[in-house]
Amino acid sequence: MQPIKVAIVGGGISGLSTAYFLSEQTKDTPIEITVFDDQAQLGGVIQTQKTALSLCEFGPDAFLTEKPQALALCKALGLEDQIISTSKEHRRSFVAKGNRLIPVPGGWFMIAPKDLSSLFATQMFSWPGKLRMAMELVIPASKNKADESVSDFVKRRFGQEALDRIGQPMIGGIYTADPAKLSLLATFPRLKQMEQEQGSLIRALWKRSRQSAVATRSSKEASGPRYGLFATLKGGLGTLIQRLAEVLKERNVLVKAQGVESIERRDQGWALTLADGGECWVDAVCLAIPAPRAADVCKKEIPQLQSLLSDISYASVATVNLVYRREAIQHALNGFGFVVPAVEHRNLVGCSFSSIKFEGRAESEHVLLRAFVGGAYHDHVLRQTDDALCQNVQADLNILLGIQESPQEITIKRWQNAMPQYAVGHLDRLNQIEQVTKQVKGLYLTGNAYRGIGIPDCIRQAEMTATALWQDVAKKNTFDKQSQ
């Protein structure tokens, strides 16, 4: 009996997870799974590097435990004893204003205050801005359930200053996106839900606070993101990639450092043209690569899909890790980091105090800072040379954190077209993409371009893709046997 052959194009967390879940479901079945990636190093944007003074993350540094998929995968891979949460101290964040860092008031949920006292006490907004935000309580909920931009939603509920000072840096910053183009329904549907159910986001937070004593205690302890819901691994998230690769090898999953140029339907399966000019044939293929790259791969065979995938745009970013002597920084570092509104016109998008946030990230008496640049508002910054970019990042940090000397270590990693931009209408576009792929037997798509950019989102989509792929291939295999 000939084994079923499956190709997974992409060796990031999406591709490796798809291979893992597929191998999990097919343990007793003759199957050949091959992962193709055009990079020698697996993991995509998840990359961890140990230096003399620090443990650096060049991509994401944590995953959200409220979405259980990443936590469950770590446990399934035997990494449960490696899981660590954020520090219990300093669970708050800051927003840059002028040359200062203003704490995000306790109890806020993204853009909305839990109570008006925290709104009126903060120095983040002017008094006219505060009064406009307080008016959110009496502004009627929109009856229009259609998608809208994050920018339009925040301005409609809280006003322009709220958008500029906290909406754009806190919400748009997660996606390194322009909130005027970012889809609310694809990124923060909960905000729309809160408006529809309670008529006001502030009122919704009041109700949630009254209903849950636990939520009330948490809101007093933290500000900004709910930091208690974030976790990572002691050795960095690269440990997850390394362990996935080990398990796949144990299960005889092939991993090839080889790109795929194009795919073509042939003999009830797929012919893959490889970057070196070679060719291989498989029963099914999963594209776990960025949407523009997937568009290029399938443009000859499925032009309609190529057009839809090309409509998903991307932003480029860079991560700069800097290690300082603790005594060289005047700021108390009594938080996990800060974001910088675009209206401040700085080079930085934000900065994470990595060694404050997680233990084991810097040697004793040192601090690891992780700065972010680029994205939709700062593409011009990425046109600088590495030296110029790092110098400008240091200049911003020197002002905002009171740093008085050069870093002991500095590393930079650029990510070209790495962040998908979920534009208004994104969900409608996804429905069109899924309708096309359903008509193309043996082709599957997964990755952060579709239904969530976080690690748990990618793992959840990978598991669903592996299940759908196996059900389709197994069904076809059964039919072929019965026809013989």
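A cavity here is a set of points, on a 1 Å grid over the protein atoms alone, where a 1.4 Å probe fits but cannot get out, and its lining residues are those with an atom within 4 Å of a point. The idea is simple enough: rolling a probe the size of a water molecule over the atoms shows where empty space is left. The model is a predicted one, so local features need pLDDT of at least 70 and side-chain atom pairs count only at pLDDT 80 or more, while totals for chains, interfaces and linings use all residues. Residues are numbered from 1 along each chain as its sequence is written, and side-chain values use heavy atoms, with hydrogens and water left out.

Two cavities of 30 Å³ or more turn up in the model. Volume means the space filled by probe spheres set on the grid points, which are joined across faces, edges and corners. The largest cavity comes to about 80 Å³. It is lined by 13 residues, and the closest to its centre are Gln168, Gly173, Val349, Tyr377 and His378. Helix α6 (residues 160-172) gives the largest share of this lining, three residues; helices (H or I, at least four residues) and strands (E, at least two) are DSSP runs numbered from the N terminus. Sorted by class, the lining of the largest cavity holds six nonpolar residues, seven polar ones and no charged ones. In this sorting Ala, Val, Leu, Ile, Met, Phe, Trp, Tyr, Cys and Pro count as nonpolar, Asp, Glu, Lys and Arg as charged, and the others, Gly among them, as polar.

The second largest cavity has a volume of about 50 Å³. Around it sit Leu55, Cys56, Glu57, Asp61, Ser354, Phe358, Arg361, Leu368 and Arg370. Strands β4 (55-57) and β18 (366-374) each bring at least two residues to this lining, with β4 holding the largest share at three. Here the classes split into four nonpolar, one polar and four charged residues.

His345, in the loop between β16 (337-339) and β17 (348-353), has a phi near 55°, a positive value in a residue other than glycine. His345 is exposed, at 73% relative accessible area (exposed is over 50%, buried under 20% and partly exposed in between, with a 1.4 Å probe and protein chains only). Asn417 also has a positive phi, near 50°, and is likewise a residue other than glycine. Asn417 lies in strand β19 (residues 409-420) and, at 40% relative accessibility, counts as partly exposed.

Note on methods. On a 1 Å grid over the protein atoms alone, a cavity is a set of points where a 1.4 Å probe fits but cannot get out, and a pocket is an open set with protein on both sides within 12 Å along at least five of seven lines; lining residues have an atom within 4 Å of a point.
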